[in-house]
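Please read it with the sequence and the structure at hand.

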Amino acid sequence: MRAGKAARLMGKMAPGVEKKLLGAAGEPMENNGEEDEGQNLWSSILSEVSTRSSSKLPSGKNILVFGEDGSGKTTLMAKLQGAEHNKKGRGLEYLYLSVHDEDRDDLTRCNVWILDGDLYHKGLLKFAVLAETLKDSLAVFVVDMSRPWIIMESLQKWTSVLREHVDKLRIPPEEMREMEQRMVKAFQEYAEPEDAVPSSPQRRVPPAGADDEGVLLPLGENVLTHNLGIPVLIVCTKCDAVTVLEKDHDYKEEHFDFIQSHMRRLCLQYGAALIYTSVKEEKNLDLLYKYIVHKMYDFQFTTPALVVEKDAVFIPSGWDNEKKIAILHENFTTVRPEDPFEDFIMKPPVRKLVHDKEINAEDEQVFLMKQQSLLAKQPATPTRGTESPARTASGSPRPTGRAGPTNVASVSPMTTVKKPDPNMKGAAANEGVLANFFNSLLSKKTGSPGSPGAAGAAVQGSAKKTGQKPALTDVQAELDRMTQKPDSTLKANNSTPAAENEA
C-alpha cells in the first residue's frame, strides 16, 4: 500500500526531475546539486510515509460486554461482526470487530470480550481488563426488552461488577483522575450533529476552542456520579418484543416511558449512551456500530438523538439531562416518576401450561392378566337361580309334611310358576321353568286350527273369557304334579342326612 503511494508520487514528480536533468537538446546538463535534489525528493517521500504510519488506527482497543443469560450479547456482537453466531459459550467469550478507516485506507481489529451471565465467572475479567488496557476500553451493558421487569436489577448488578473490578486494578490516582476528566470533558463537549462542522468524511477534528474549559457548562445534578473513566453504552436488545408486551401483558405507552426514564437516569449517572436495537428486525444495528467506532476511534458521527419511536430510541452521551427526561413524566397518569421500578414493572405470574397427557395403549396380554387377577380376588356373586353359600348354611330344611294347594283357583298359574320356593335348590327351580315352558307349548298346540284339541282350546278360551275355571284347574293340577316331583326329591335329600346322623 505504501509502496504504491510512493510510486504514484514518483510518477507525479518524475517529469519535473527529468526537465531538470535534461537540457533543451536532450543532452545531460551540468548540475552541481543533482545529488542534493534526489536526496530531498526521497526524504520527502519517506517523511510522508512515516507520518501516515504514525496516524494509523490504534490497535488493542477492547469492548467489554455484560448482561444476563439470554439477553442477546453474543448474537448482537456477532451481528456487528457480520457473522452468524449460534454457539453459546461459557465463561469469557472472545470476538473481534473489523474497523476500516476509508479516509486513510487503514484496517484494524477491535477486541470484544463477552462475560458469562453467571456471576460465578466474574473473576475472568482479569484476563480481559488490565490496568494498562482499561483506558482503551468501552463497557457495553446489554438488557433485553422481552423481560423488562429485570432491566434495572441487571444494570445495577453488572455495573457494580465492573466498578468492583476497576477498584481492584489499583490504577494510580493521577491516571484515574485523568481518565475521569476525559469522560467529563467528552460529556460537556457534546454538540448536536447539525451544529458540528465536518472536516473529513470520516475523521473528526476537534474544534479550535475545544481546549478552553472556561466555556463548558457545569455538569447537572446526578450526572457522572459513577464515573468509571471509560465510555459506557447501554444497549436494550429484542425491542421487537414491544408488540408482544402490548398484546400479552397489556403494556401501554406509560409503561415504556417509565422504563425509558429509569434507564436514562441511570445513563446520566455513568455518562452512558442508550440505544434500542433488534437483531430480528435489524433495527439500529448500523447505528450501534458507528457509535462504537466513534467513541473508540474518534470517527465522525452525524446521527442526532432519536426519541420518537418507542422501540428505536437513541440517546447519545452528553445529550440528555433531567429536563429532557421530565418530558416523559408528563404522560404519567397511574404512576409517579419516583416510584420504584419493580412496583410498576412487575413480573407477570407464571402461567401453568396444561398439556394433554398422552395415553399409551396397554399391551393386550397384560391387560387381560390384570383383569384375571381382579376377577380372582372378587367373591362369587349369587345368581337368581342359586342361593349364596351363607343362605344355604343358615336356611332351615323344608318341613316333611307339605299341605297341598288349598286355594288353587285363587292363585294364577303364572304366579305359581314364576315364583318358586326360595329354599328350593337350583334343580327344583329349573323344573319350574321347564314346566312353564312346556305349558306354553301345550297351549299353542291345543289352540292351533284343525288340530284335535282345537275344540278344547276354544272351550278353554271361552272359559277364560267368562271366568269359568275347569280348564284352569286342569292346568294347575298338571303344574302341581311337576312341581311336587322336585319337592319329593328335596325331601329325600333332606331325610338322607338325618338318617346318617342317627346312624
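The points below go from the sheet as a whole to a single strand, then to helices and a loop residue.

The model is predicted. Its seven strands form an open sheet with mixed pairing, in the order β2-β3-β1-β4-β5-β6-β7. The edges are β2 (92–101) and β7 (314–315), each of which pairs on one side only.

**Strand β1**

- All six residues of β1, which spans 62–67, are buried, so the strand is largely enclosed by the rest of the structure.
- In a regular strand, side chains alternate between the two faces of the sheet.

- Strands of a sheet pair through backbone hydrogen bonds, in either a parallel or an antiparallel sense.
- Four bridges link β1 to β3 (residues 106–115), and the pairing is parallel.
- Within β3, I114 is the residue opposite V65.
- β1 also runs parallel to β4 (residues 137–144), to which six bridges join it.
- Here L64 faces A139 of β4.
- β4 in turn pairs with β5 (residues 232–237) through six bridges, again in the parallel sense.
- F141 has I234 in β5 as its bridge partner.

**Helices on the sheet**

- Helix α5, made of residues 151–169, lies across β1, β3, β4 and β5.
- The direction of α5 is at about 155 degrees to that of β4.
- Helix α9 also packs on the sheet, with contacts to β1, β2, β3, β4, β5, β6 and β7.
- Between the directions of α9 and β2 the angle is about 80 degrees.

**Loop residue N284**

- N284 sits in the loop that connects β6 (273–276) with α9 (285–297).
- Is N284 buried or exposed? Its relative accessible area is 15%, and the cut-off for buried is under 20%, so N284 counts as buried.
- The N284 side chain comes to 2.7 Å from the backbone oxygen of Y276.
- Leaving aside residues up to four places away in sequence, N284 touches I275, Y276, T277, A312 and V313.

How values were computed:
Residues numbered from 1 in each chain as written. Predicted model: local features only at pLDDT ≥ 70, side-chain atom pairs only at ≥ 80, totals over all residues. Heavy atoms only, no water. Buried < 20%, exposed > 50% of the residue type's maximum accessible area, 1.4 Å probe, protein only. Helix = DSSP H or I, 4+ residues; strand = E, 2+ residues; numbered from the N terminus. Pairing = 2+ DSSP bridges. Polar contact = N/O pair within 3.5 Å; in protein donor to acceptor, adjacent residues only side chain to side chain. Contact = heavy atoms within 4.5 Å. Axes fitted to C-alpha atoms, helices over the stretch in contact; angles between N-to-C directions.
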